[in-house]
Amino acid sequence: MIPRYGHIPCPGRRHRLRPGAYALLIRDGLLLLTHQSGPEPEYQLPGGGIDPGETGLRALHREVFEETGWTIGNARRLGAYRRFAFMPDYGWWAEKLCHVWVARPILRLSAPTEPHHSAHWATPRAAMGLLADPGARAFLARFRHLI
């Protein structure tokens, strides 16, 4: 069973399935997070939606680069969780199926290319207090020993 985090959907509300790839990005005992300033400011694990025809690993590389400007290597899938959320960029409610990976940031090639995103390093303890998504916090707590 895939664990679920966040609110329980309202009866009758349609949720579109949106698979995504997200990463615990570890380097020198720190985590690389992304901060999205809008529409709601929050810290997140870098990652995002897997587009049609795209593999999870390819989406992970693309999303991490867009949100942080970093390339990554040695990616290993850890598991998945579900959460229900409104996606203001699309104007619909989604059941997000979040596949979580652990990877190593290799090289920063640029600033984030995704609007309203910035990259930030944090200790695991600080990240637990910063991450808005309870599923992301749960994966960090479960796999903290990898840091």
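The model described here is a predicted one. Ile106 belongs to strand β7, which covers residues 92-108.

Together with Leu107 and Leu109, Ile106 forms a nonpolar patch on the surface. The accessible area of these three residues together is about 280 Å².

## The chain as a whole

Three helices and eight strands are found in the chain. Their order along the sequence is β-β-β-β-β-α-β-β-β-α-α. The radius of gyration is 14 Å, close to the 15 Å given by the globule rule for 147 residues, so the chain is as compact as a globular protein of that length. Along the principal axes, the C-alpha atoms occupy a box of roughly 45 × 30 × 30 Å.

Of the 147 residues, 46% are buried.

## Helix α1 and its surroundings

Helix α1 comprises 13 residues, 56-68. At 1.5 Å a residue the helix should span 18 Å, and the distance of 18 Å between its end C-alpha atoms agrees with this. After α1 comes Gly69, which has a positive phi, near 85°.

The buried residues of α1 are Ala59, Leu60, Arg62, Glu63, Val64, Glu66, Glu67 and Thr68. An α-helix has 3.6 residues a turn, so residues three or four places apart point the same way. The packing partners of the buried residues in α1 are the strands β2 (16-27), β3 (30-36), β5 (47-49), β6 (70-87), β7 and β8 (117-122). Strand β7 is also the strand that holds Ile106.

## Ala59 within the helix

What is the relative accessibility of Ala59? The value is 0%, and Ala59 therefore counts as buried. This residue lies in helix α1.

Setting aside neighbours within four places in sequence, Ala59 is in contact with Ala21, Gly49, Ile50 and Glu54. The C-alpha atom of Ala59 is 7.8 Å from that of Gly47, a residue 12 positions away along the chain.

Conventions
Residues numbered from 1 in each chain as written. Predicted model: local features only at pLDDT ≥ 70, side-chain atom pairs only at ≥ 80, totals over all residues. Heavy atoms only, no water. Patch = residues over 30% accessible without salt bridge, like charges linked within 9 Å, V, L, I, M, F, W, Y side chains within 5 Å. Areas by Shrake-Rupley, 256 points an atom, 1.4 Å probe, with all protein chains shown as cover. Salt bridge = Lys/Arg side-chain N within 4 Å of Asp/Glu carboxyl O. Helix = DSSP H or I, 4+ residues; strand = E, 2+ residues; numbered from the N terminus. Expected span 1.5 Å × (residues − 1). Buried < 20%, exposed > 50% of the residue type's maximum accessible area, 1.4 Å probe, protein only. Contact = heavy atoms within 4.5 Å. Rg over C-alpha atoms; globule rule 2.2 N^0.38 Å.
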